[in-house]
Amino acid sequence: MTTTTLPTPANLSITPRDRRFGRDTATPRLWHGGRVEATAIYNALSSTFPIGEAYFVESVRAFREGTPPKLAEEIKAFTTQEAIHSREHDAFNKRAELAGYDLSKLEERVRERLAITRDRPPIVNVAATMALEHFTAILAHELLKDPRHLEGAEPEAANLWRWHSVEEIEHKGVAYDTWLYATRDWPRWKRWKVKAKVMLLVTRNFVVDRTAGSLELMRQDGVTGLKAWSLLMTYLWVRPGVFRKIAGAWFKFFLPGFHPWNEDDRDLIASAEKALAEG
Ligand SMILES: [Fe+2]
Ligand SMILES: [Fe+2]
């Protein structure tokens, strides 16, 4: 049997913060600084969360039984955090619908993607979750690190994204550790091959689907064709360029010895929590 290292910090505590956002005021349609493309990408991401996070929870929980007590506890806290995220993004999505957007096409796409894994062995679901959780963790890191990403956003909406980012960083090792534990008897090459293959597939789908979803929402705002494409590409890849900025962290996933906690970014959690507490 191969030995498994679980380098999640021993003193990490995963704390669900049961908060509610934007319940008292309507969210403006173009809540992200009045910008069509910025609003579109965040709305596109948000539309995937309630369905996606339920899938993450289901996938990881299927392996909870028999895991070491620390990991079992972390899976429990992860489940609670994701459930609350879904509740808040569901409320956020309803406000986007009230503002006039139709998210049904985007949600349908997520359901279609996830349906593909239904007939596969449960470990495939954990692998997909682990890859997507790496995505959310590096996006969260970038959102908290560089204030330009949420600059100009309506304050309650910005806080929702900050709060979600805090918890995504906090639980970033859970799906990965579950994967490590579930595949502890696999040969190294097989682990790497499956992990790399799943990540490449998930990345392609993520980039293609979120781009298409954003363009669909921009179309609902009357922005189409080359103009929509160039606004969105500039926003995602150039300025503030969130996709470009996470590329390095994305690539680290493929390196031998990778673990989400190889980079301890809890300082970002601390500073964001301070900002959230202040309002
Ligand atoms: Fe989440
Ligand atoms: Fe997560």
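Start with His171, which is buried at a relative accessible area of 0%. Buried here means under 20% relative accessible area, exposed over 50%, and partly exposed in between, with a 1.4 Å probe and protein chains only. Before going further, the conventions: this is a predicted model, where local features need pLDDT of at least 70, side-chain atom pairs count only at pLDDT 80 or more, and totals for chains, interfaces and linings use all residues. Residues are numbered from 1 along each chain as its sequence is written, chains are lettered from A and ligands numbered from 1 in the order in which they are written, and side-chain values use heavy atoms, with hydrogens and water left out.

His171 sits in the loop between helix 5 and helix 6. Helices are DSSP runs of H or I with at least four residues, strands are runs of E with at least two, and both are numbered from the N terminus. Leaving out residues up to four places away in sequence, His171 touches Ile14, Phe78, Gln81, Glu82, His85 and Glu133; contact means heavy atoms within 4.5 Å. The side chain of His171 also makes a polar contact of 3.0 Å with that of Glu168. A polar contact is a pair of N or O atoms within 3.5 Å; within protein, one must be able to donate a hydrogen and the other to accept it, and residues adjacent in sequence count only if both atoms are side-chain atoms.

Why is the arrangement irregular?

The iron ion (ligand 2) lies 3.7 Å from the iron ion (ligand 1), and Glu82 coordinates both. Glu82 is in helix 2 and His171 in the loop between helix 5 (155–170) and helix 6 (174–182), so the pair ties together parts 89 residues apart in sequence. Glu82 is buried, at 1%.

Now the salt bridges, of which there are 21; the rule is a side-chain nitrogen of Lys or Arg within 4 Å of a carboxyl oxygen of Asp or Glu. Arg17 pairs with Glu273, with the closest N and O atoms 2.7 Å apart. This links distant parts of the chain, 256 residues apart: Arg17 precedes helix 1 (36–61), and Glu273 is in helix 10 (residues 266–278). Arg17 is buried at 14%, while Glu273 is partly exposed at 35%.

Lys70 and Glu74 form another, at 2.8 Å. They are four residues apart in helix 2 (residues 69–98), so about one helical turn separates them.

Last, the largest nonpolar core has 83 residues, and Tyr42, Trp161 and Trp179 have the most contacts inside it. Such a core is a set of buried Ala, Val, Leu, Ile, Met, Phe, Trp, Tyr and Cys residues joined through side-chain atoms within 4.5 Å. Beyond four places in sequence, Trp179 touches residues including Ile123, Met130 and Trp186.

Definitions and conventions:
Donors = N, O, S within 2.8 Å, 3.2 Å for Na, K, Ca; no water.
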